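Try each task before you read the solution.

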Amino acid sequence: MVVLLLTVTGLCVIASLLLIPYIRRYAAAGVCTSSARLDGKTVLITGANSGIGKETAWELAARGARVIMACRDLVKAETAAQEIRADTGNEQIIVRKLDLADTKSVRQFAENIMKEEKMINILINNAGMIMLPYTKTVDGFEIHFGVHHLGHFLLTHLLLDFIKKSSPARIINVSSFAHNFGRINFKDLQSEKSYSAGLAYCQSKLANVLFTRELAKRLQGEMKYSQSLYLNSLFCKH
C-alpha cells in the first residue's frame, strides 16, 4: 500500500512538472511575438510605475509609442519613467497625476488630457491593488471595487469620444484569472455588511470583465476592446 501511494504521488509530481509550461502559457495569455511598431501612436496606461503596468509601458516605449503614465504616486512614476527613457531611448514618456480612488481626480485628469493631447490611440486600464484591509475611496466606495471598476469605468466614459476621434483606437481592461471566483453581491456591493479582501478583489475583477463585454456590444463596429487576464507580472518581463 505504501509503495502504491508513493507511486501515485510520484506520478502526480511528474505530471505537474510536465504541465508547468502549459499552465504558465495559459496564465500569461500566450507570449507576444509581434514586432509591430507604434510610432506616432499615443498610449495612456494607468498604474504604470510598477509591476505589469511598468513592464507594459516599457514595451510600448520600446516600440516607439508616446506613453502617458497615469499614476497616483508621481515620485515613483517619474523614477520609473526615467528608467524607461534610459532603457529604450524614447523621450516621449509622460507622467501625469491620477488617483482612481477619487472621482474628482479622474475628472480633472481626463479634462487635462483632452486639452494637452492630440489623440489617445490606446487606453490601458491597468492600475489596481490586491487584498487590502477594508478601506473606502474618497467617494465612499469599497477600495477594490472603487478603483478597479468604478474609477476605470468613469475614466473610460470621460475619454470615450476623444478616443473614438483618434481611431483606429483600442481600449484594454486588465482583469485577472481571479474573476472566475467572483460574484457581484448586489445586496452588499460595497462590502459594508461583511468583508473579505479576497472576495472583494474577485468581485472587482469580474466587474472588469462584465464591463468590457457590455461596452464591446454597445460599440460594436466602432472600436476594438480587449480583455486581458494576468495572474502576476512574472510573465511580463522584458
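**Exercise 1.** Find the helix in which asparagine 112 lies, and decide how exposed this residue is.

Solution. Start with the helix: asparagine 112 is part of α4, residues 103-116, where helices are DSSP runs of H or I with at least four residues, strands are E runs of at least two, and both are numbered from the N terminus. Next, take its relative accessibility, 30%, so asparagine 112 counts as partly exposed. The classes are buried under 20% relative accessible area, exposed over 50%, and partly exposed in between, with a 1.4 Å probe and protein chains only. Finally, look at arginine 96, 16 residues away along the chain: its C-alpha atom and that of asparagine 112 are separated by 9.4 Å.

A note before going on: this is a predicted model, in which local features need pLDDT of at least 70 and side-chain atom pairs count only at pLDDT 80 or more, while totals for chains, interfaces and linings use all residues. Residues are numbered from 1 along each chain as its sequence is written, and side-chain values use heavy atoms, leaving out hydrogens and water.

**Exercise 2.** Describe how helices α5 and α6 are oriented to each other, and which residues make the contact.

Solution. First, the axes of α5 (residues 143-165) and α6 (residues 197-218) come within 7 Å and cross at roughly 20°. Axes here are lines fitted to C-alpha atoms, for helices over the stretch in contact, with angles from 0 to 180 degrees between N-to-C directions. The two helices are therefore roughly parallel; that class covers angles under 35 degrees, with over 145 roughly antiparallel, 65 to 115 roughly perpendicular and the rest oblique. Then list the contact (heavy atoms within 4.5 Å): α5 contributes residues including His144, Phe145 and Phe153, and α6 residues including Tyr201, Lys205 and Phe211.

**Exercise 3.** Is the peptide bond from serine 167 to proline 168 cis or trans?

Solution. Omega is near 5°, and the bond is cis. Proline 168 belongs to the loop between α5 and β5 (170-175).
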